[in-house]
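Subject: Structure handover

Hello,

I am passing on the structure we spoke about. My notes on it follow below.

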Amino acid sequence: MLPCTLSLPALPDRRLRALCAHSSRFPGTRAPVGQGKWRPSQGSGLLVATGRTRTLGRKRAHKGSFKDDPRFYQEIQERGLNTSHESDDDLLDEASSPEGTQKVDVHVVVKSYRPPQITWSQLPEVVESGILDKLPAEEHKRQEAIFEILTSEYSYQHSLGILVAEFLQSPELRATMTQTEHHHLFSNITDVLSASRRFFEDLEQRHKAQVCVEDISDILEEHAERHFHPYVSYCSNEVYQQRALQQLTSSSAAFREALGEIEQRPACGGLPMISFLILPMQRVTRLPLLTDTLCLKTQGHPERYKAASRAFKAISKLVKQCNEGAHKMERTEQMYTLHTQLDFSKVKSLPLISASRWLLKRGELFVVEETGLFRKLASRPTCYLFLFNDVLVVTKKKSEDSFVVQDYAQLDHIQVQKMEPSEASLPGGGNRSSFVPYTFQLTLLHNSEGRQGKMLLSSDSASDRARWITALTHRERQRPGPTNKGDLLQVEITKAYLAKQVDEITLQQADVVLILEQEDGWFYGERLRDGETGWFPEDLARSITSRVAVEGNMRRMERLRVETDV
């Protein structure tokens with residue numbers, strides 16, 4: 001499946017400066033507080049602010065409601081996602097440009113540049129009340145954090161409404177697919193929208209009742225525990241949704257034509273349907289981060305902090321259920337499919353289907369040299385590997401959906417070694433690998449017949465070899481090591497990415513990832529919010545260089561891991 005991306009148009013200098021001025025919303029790109037100046041950004045050719053003045057006083061009143069001309073949820077990044085202490089200033093600083101706040105980066109999923117969401121301090125009722133002159137800075141930050149949850153939910157609800165009205169209810173699109181395909185594509189999105197509307201109504205009612213909102217933690221906790229169950233069903237359907245979209249896109253010209261016409265409608269803002277379909281996953285994974293920010297803003301008030309912590313736990317539990325539901329459905333579907341495709345007639349049968357088994361990686365490799373029982377592959381220059389979390393299955397590919405099993409071994413009985421051309425040789429065989437790049441040696445210490453065999457394999461690229469070696473040694477990587485994760489490179493994801501292979505990781509815009517490996521244009525990393533690992537293209541990310549942001553991310557990771565039991 002394709003990642004949802006839109007290239008940004010060329011911008012005039014005035015607009016460019018306005019956009020760059022708001023780069024402070026992104027970790028590691030922030031300018032220090034002080035006098036505002038402009039300097040060239042290293043390596044980008046862009047101007048960035050070297051300073052700005054902190055403003056804690058009265059704000060300019062915003063004309064109209066935050067409901068006027070709502071932004072697409074795809075276009076916003078909540079300030080509450082930022083873990084840096086400097087983000088406190090962001091909650092207080094008003095937008096200094098009418099042009100918008102998006103970062104200048106061709107990978108950001110964005111179509112237009114409209115003003116940011118109105119802040120709490122810009123509300124007419126807040127300005128007219130005169131409360132800003134009396135409110136302590138910490139309470140000011142807490143009110144902004146509360147209000148951002150409200151306004152971002154409205155943007156999210158607005159985008160979900162477009163998905164339902166323009167795509168789900170389109171008779172033209174409906175006519176291009178079966179009822180089953182339609183259900184797989186849209187699942188229970190109407191239930192998700194209803195849950196969002198109910199959640200927003202409760203938040204808005206609390207907002208209207210008080211200029212300074214006492215708390216919303218009780219609302220967050222109640223909805224996470226009692227009303228957000230549609231999210232679990234929607235996330236569990238993700239594997240069927242992606243498969244349906246992929247099949248329809250590749251095989252149905254009528255579907256592509258109808259979809260293209262809808263995506264170009266003004267109501268959709270030129271955004272692709274996939275960017276709407278992934279919104280529930282995006283929102284549900286952001287809510288713990290936004291609630292965590294609320295916890296941080298209430299530390300000076302014990303009762304509010306306890307309430308916010310309960311809400312944080314409830315939402316974290318929900319996200320864990322969504323992740324487990326998605327994994328369970330994906331793995332069950334995957335194992336039943338492979339059970340019908342793998343032919344064990346030539347070896348001792350292996351009971352493949354197990355609740356505790358899932359696929360880590362699959363693919364075809366070139367066989368450079370083989371010894372022992374692997375000589376049976378001599379007539380075939382390639383082999384097709386299926387690597388599960390507990391066993392490696394070596395096969396010969398007959399067709400796209402048929403594989404004859406040649407051998408297998410438990411992962412505990414496998415050794416893998418990266419080879420250079422000068423090192424690549426096997427006992428009893430010649431050295432034909434001097435002209436074959438990207439080789440690695442695979443040793444089965446105890447195979448299906450209780451014997452040992454070796455094979456020298458070659459990948460298509462350095463990154464593919466690195467990915468195979470990483471997958472084959474994943475048991476070793478699961479053991480706790482002395483590595484200080486605070487010293488690892490951290491990156492922020494600048495555009496959404498949908499995994500195309502089983503060893504890749506699906507990422508949302510604004511996700512923070514700890515980089516464990518880097519090879520030939522690819523990163524292997526650990527997603528900060530839940531500990532999931534996988535590969536992704538490095539051009540989807542930008543490095544976080546601010547030490548303050550890095551340390552804040554690590555503290556947030558520790559809190560999230562405790563609550564989500566990662």
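Two strands count as paired if DSSP finds at least two bridges between them. With that in hand, please keep in mind that this is a predicted model.

Overall picture

The protein has 566 residues, and 57% of them are buried. Its secondary structure comes to 17 helices and 15 strands. Among contacts with a separation of 6 or more, 69% are between residues 24 or more positions apart.

At the β14 end, β13 and β14 pair in the antiparallel sense over five bridges. One of the residues in these bridges is Trp522, whose partner in β14 is Pro537. The two strands β13 and β14 form a hairpin with five residues between them, and Gly531 in the turn has a positive phi of about 85°. Is β14 enclosed by the rest of the structure or left open? Four of its five residues are buried, so β14 is largely enclosed by the rest of the structure.

At the β15 end, strand β11 (residues 490-493) and β15 run antiparallel and are joined by three bridges. Val491 has Ser543 in β15 as its bridge partner.

Helix α9 (residues 229-236) and helix α13 (residues 279-296) have axes that come within 10 Å and cross at roughly 130°. An angle counts as roughly perpendicular from 65 to 115 degrees and as roughly antiparallel over 145. The helices α9 and α13 are therefore oblique to each other. The crossing in which α9 passes α13 is left-handed.

Which residues meet where α9 and α13 come together? From α9 there are Tyr231, Tyr234 and Cys235, and from α13 there are Pro280, Met281, Arg283 and Val284. By class, this contact of α9 with α13 has six nonpolar residues, no polar ones and one charged one.

Ser252 lies in the loop between α10 (238-251) and α11 (253-263). With a relative accessible area of 13%, Ser252 is buried, since buried means under 20%. Leaving aside residues up to four places away in sequence, Ser252 touches Thr176 and Gln247.

Tyr438 is not a glycine, yet it has a positive phi of about 55°. Its place is in the loop between β8 (414-419) and β9 (439-444). Is Tyr438 buried or partly exposed? Tyr438 is partly exposed, with a relative accessible area of 32%.

Ala510 is not a glycine either, and its phi is positive at about 85°. This residue, Ala510, is found in the loop between β11 and β12. Ala510 is buried, with a relative accessible area of 14%.

Regards

Technical notes
Residues numbered from 1 in each chain as written. Predicted model: local features only at pLDDT ≥ 70, side-chain atom pairs only at ≥ 80, totals over all residues. Heavy atoms only, no water. Axes fitted to C-alpha atoms, helices over the stretch in contact; angles between N-to-C directions. Parallel < 35°, antiparallel > 145°, perpendicular 65-115°, else oblique. Left-handed = near helix turned anticlockwise from the far one by under 90°. Contact = heavy atoms within 4.5 Å. Nonpolar A, V, L, I, M, F, W, Y, C, P; charged D, E, K, R; others polar. Buried < 20%, exposed > 50% of the residue type's maximum accessible area, 1.4 Å probe, protein only.
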